[in-house]
Amino acid sequence: MNATQFKKLKGSKKIIMLTCYDFSFASALEEAGVDALLVGDSLGNVVQGKETTLPVTLDQIIYHTEMVKRGAPNTFVVADMPFLSYQISVEEALRNCGLVMKETNCDAVKLEGGEEVAHLVRRLTEIGIPVMGHIGVTPQSAKLMGYGKRGKDISDAEYLKRSAKALYEAGAFSLVLENMAATLAKEITELVQIPTIGIGAGPECDGQVLVLHDFMGLTKDRPPFAKPYFDLRAELKKAVSSYKNDVEQGKL
Ligand SMILES: Nc1nc(=O)c2c([nH]1)NC[C@@H]1CN(c3ccc(C(=O)N[C@@H](CCC(=O)O)C(=O)O)cc3)CN21
Ligand SMILES: CC(C)C(=O)C(=O)O
Ligand SMILES: [Mg+2]
């Protein structure tokens, strides 16, 4: 699937997306039938144990994306551009996004920001790099804006709607809507002709994304909107105790 085909999923099916950071999970998630994998800069939190996504480097995103695409060669894989890899200048952004495409075989890049990055989305699209936008809570600006729900007052809601429109018009093939009022996410989903992928943005988006470790019930602190579908922490405790019994009873 290419990004133009991905775009056409709007209105035809709900898009199931998870984050992923390595080969084995990528392979298992492809087999499980997810539509798309995001190599999120959330790897800073769930893989590296950092407090924010800010320390994640371009090399780390390349390293993880290359492994994920190898594990899921037939799945749409998006690389999340890390902080400072696309904010300095259009030239640096084109070089860094291009490098990710060259070195990982991924299918698209994602970058955070609203109308203020639309010019960059247009340039990337012009050179053949598909861009997924990301508005609402944007963790790379959490030191400035925090993680609180977006779009609660009229001026923020207007900014987010203008931004969705600007990113769509600049050529973005899809938009992540993170932690925003569900009514606003619904309006944005109706406003743009590209699929919206929600996380904490209510049920009316065209698809949903969750951080894999939250989804599996592995993270201790997860955002209030992240619903676990498995209790991996509890299952690991049970499995370790069963392993311990086998070892102690000389069964191995
Ligand atoms: N494990 C994990 N899951 C995620 O979904 C995730 C990450 N990490 N790291 C990158 C970003 C950060 N995200 C977050 C993190 C926290 C809140 C959160 O706690 N929101 C509260 C308000 C907190 C505040 O006001 O400061 C809320 O009620 O919305 C939301 C999104 C989503 N992303
Ligand atoms: C939460 C998703 C959308 C993300 O950007 C990430 O995992 O880094
Ligand atoms: Mg991210």
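**Lys 110 and its partner**

I started with Lys 110, whose bridge partner in β5 is Met 132. Strand β4 (residues 108-112) and strand β5 run parallel, joined by 4 bridges; two strands pair if DSSP finds at least two bridges between them. Between β4 and β5 the chain passes through helix α6 (residues 118-126), a right-handed β-α-β crossover. Right-handed here means that, with the strands pointing away from the viewer, the path from the first strand over the helix to the second runs clockwise. Helices (H or I, at least four residues) and strands (E, at least two) are DSSP runs, numbered from the N terminus.

I noted that this is a predicted model, where local features need pLDDT of at least 70 and side-chain atom pairs count only at pLDDT 80 or more, while totals for chains, interfaces and linings use all residues. Residues count from 1 along each chain as its sequence is written, and chains are lettered from A and ligands numbered from 1 in the order in which they are written.

Is Lys 110 buried or exposed? Lys 110 is buried, because 22 other C-beta atoms lie within 10 Å. The cut-offs: 20 or more other C-beta atoms within 10 Å is buried, 12 or fewer is exposed, and in between is partly exposed, with C-beta atoms placed from the backbone. Not counting residues up to four places away in sequence, Lys 110 touches Leu 38, Val 78, Asp 80, Met 81, Met 132, His 134 and Val 176. Contact means that the C-beta atoms, placed from the backbone, lie within 7 Å.

**Strand β5**

Next I checked β5 (residues 131-136): 6 of its 6 residues are buried, so the strand is largely enclosed by the rest of the structure. Val 131, Gly 133 and Ile 135 sit on one side, with Met 132, His 134 and Gly 136 on the other. β5 also pairs with β6 in the parallel sense, over 5 bridges. There, Gly 136 stands opposite Glu 178.

**Glu 178**

I looked up Glu 178 in UniProt, where an unreviewed entry lists it as "active site". Such annotations may be inferred rather than shown by experiment; positions are in the numbering used here and feature names are shortened. Glu 178 is in strand β6 (residues 174-178) and counts as buried because it has 24 C-beta neighbours inside 10 Å.

Beyond four places in sequence, the contacts of Asp 80 include Asp 41 and Lys 110.

**Around the ligands**

Then I listed the residues around ligand 2, among them Asp 41, Ser 42, Asp 80 and Glu 178. A residue is near a molecule if its C-beta atom, placed from the backbone, lies within 6 Å of it. That shell has 5 nonpolar, 3 polar and 3 charged residues. Ala, Val, Leu, Ile, Met, Phe, Trp, Tyr, Cys and Pro count as nonpolar, Asp, Glu, Lys and Arg as charged, and the others, Gly among them, as polar. Ligand 1 is surrounded by 19 residues, the closest being Ser 42, Tyr 147, Gly 148, Val 211 and Pro 223.

Technical notes: Two residues are in contact if their C-beta atoms, placed from the backbone, lie within 7 Å.
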